[in-house]
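This report describes a single protein chain for a reader who has the sequence and the model at hand.

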Amino acid sequence: MISGLYAITPDETNTDVLLSKIEAALQGGISVLQYRNKLASHKLQTQQARAILPICRQYQVPFIINDSVKLCLTLDADGVHIGADDGNLSEIRARLGSGKILGASCYNRFDLAQAAQQSGADYVAFGACFASNTKPTAPVANLDLFKMAQTQLNIPAVAIGGITLENASLVIEAGASSIAVISAIFNASDVKLAAQQFSQLFNDKNLKTSS
């Protein structure tokens with residue numbers, strides 16, 4: 001079950017710096033970590049992912065690889081996240097087997113989410129929910145998509161794109177099972193504290209629900 005704070009790694013080529021930030025985020029309570037580094041060569045991506053995996057294992061947090069099914073299987077990572085142009089989801093599901101997590105970007109299209117579920121995805125992601133510096137040209141995803149996912153899908157829906165501490169509660173209240181964050185965590189002066197503050201939003205929601 002994908003829920004809570006879903007951290008996506010920044011484009012950092014200094015592996016020591018990256019690992020330090022990741023450990024701080026894990027200490028802060030992230031629930032999932034996705035490795036994505038658009039600036040790294042294939043060799044560096046492999047080296048970094050290999051170094052991150054045991055840290056995630058230590059904290060018992062699922063480690064997801066962005067785009068690369070091959071790298072996921074090579075390292076025996078916990079899963080892979082796939083974009084719309086990264087391959088056929090049914091074929092990828094077959095390659096991964098039933099023991100790996102498969103996530104799919106669905107942007108602002110609910111039809112893609114429905115198709116992803118039918119193809120064996122374990123979660124879908126909608127975004128950008130807000131203006132994003134990481135992907136400034138990404139289509140805007142209406143927050144109503146998360147309510148639709150709650151009522152019409154049997155898998156979690158992750159929110160991504162421009163999520164900050166100021167607007168994250170809006171997405172959680174809209175029904176997102178998880179929020180994916182990059183800059184607001186990894187560019188923070190205190191990465192652990194930033195992760196704790198985001199994680200607390202889900203704790204607060206759970207308290208309200210139980211009361």
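This is a predicted model: local features need pLDDT of at least 70, side-chain atom pairs count only at pLDDT 80 or more; totals for chains, interfaces and linings use all residues.

Residues are numbered from 1 along each chain as its sequence is written, and side-chain values use heavy atoms, with hydrogens and water left out.

Rings of Phe, Tyr and Trp (its six-membered ring) are paired if their centres lie within 6.5 Å; planes under 30 degrees apart count as stacked, over 60 as edge-to-face and the rest as tilted. The count by this rule is three aromatic pairs. One of them is formed by Tyr6 and Tyr123, which is edge-to-face because the ring centres are 5.8 Å apart and the planes stand at 65 degrees. This pair links distant parts of the chain, since Tyr6 belongs to strand β1 (residues 4-8) and Tyr123 to strand β6 (residues 123-126), 117 residues apart. Helices (H or I, at least four residues) and strands (E, at least two) are DSSP runs, numbered from the N terminus. Tyr6 is buried as well, at a relative accessible area of 1%.

## The phenylalanine cluster

Phe126 and Phe146 make up an edge-to-face aromatic pair, with 5.6 Å from centre to centre and 80 degrees between the planes. Because Phe126 lies in strand β6 and Phe146 in helix α6 (residues 144-152), the pair ties together parts that are 20 residues apart in sequence. Both Phe126 and Phe146 are buried. Together with Phe110, these two residues form one aromatic cluster.

## Surroundings of Gln34

Gln34 is located in strand β2 (residues 32-35) and counts as buried at 3% relative accessibility. Neighbours within four places in sequence aside, the contacts of Gln34 include Tyr6, Ile64, Asn66 and His81; contact means heavy atoms within 4.5 Å.

## Backbone exceptions

Most residues other than glycine have a negative phi, and most peptide bonds are trans. A cis peptide bond, with omega of about 15 degrees, joins Gly127 and Ala128. Ala128 is in the loop between β6 and α6.

Asp76, which is not a glycine, has a positive phi of about 60 degrees. Asp76 is situated in the loop between α3 (69-75) and β4 (79-82) and is partly exposed, at 46% relative accessible area. Tyr107, likewise not a glycine, has a positive phi of about 55 degrees. Tyr107 is part of strand β5 (residues 101-107) and is partly exposed, with a relative accessible area of 28%.

## The chain as a whole

The secondary structure consists of nine helices and eight strands. The C-alpha trace spans about 40 × 40 × 35 Å along its principal axes. Of the 211 residues, 49% count as buried. Among contacts between residues at least 6 apart in sequence, 58% join residues at least 24 apart.

Definitions and conventions
Buried means under 20% relative accessible area, exposed over 50%, partly exposed in between (1.4 Å probe, protein chains only).
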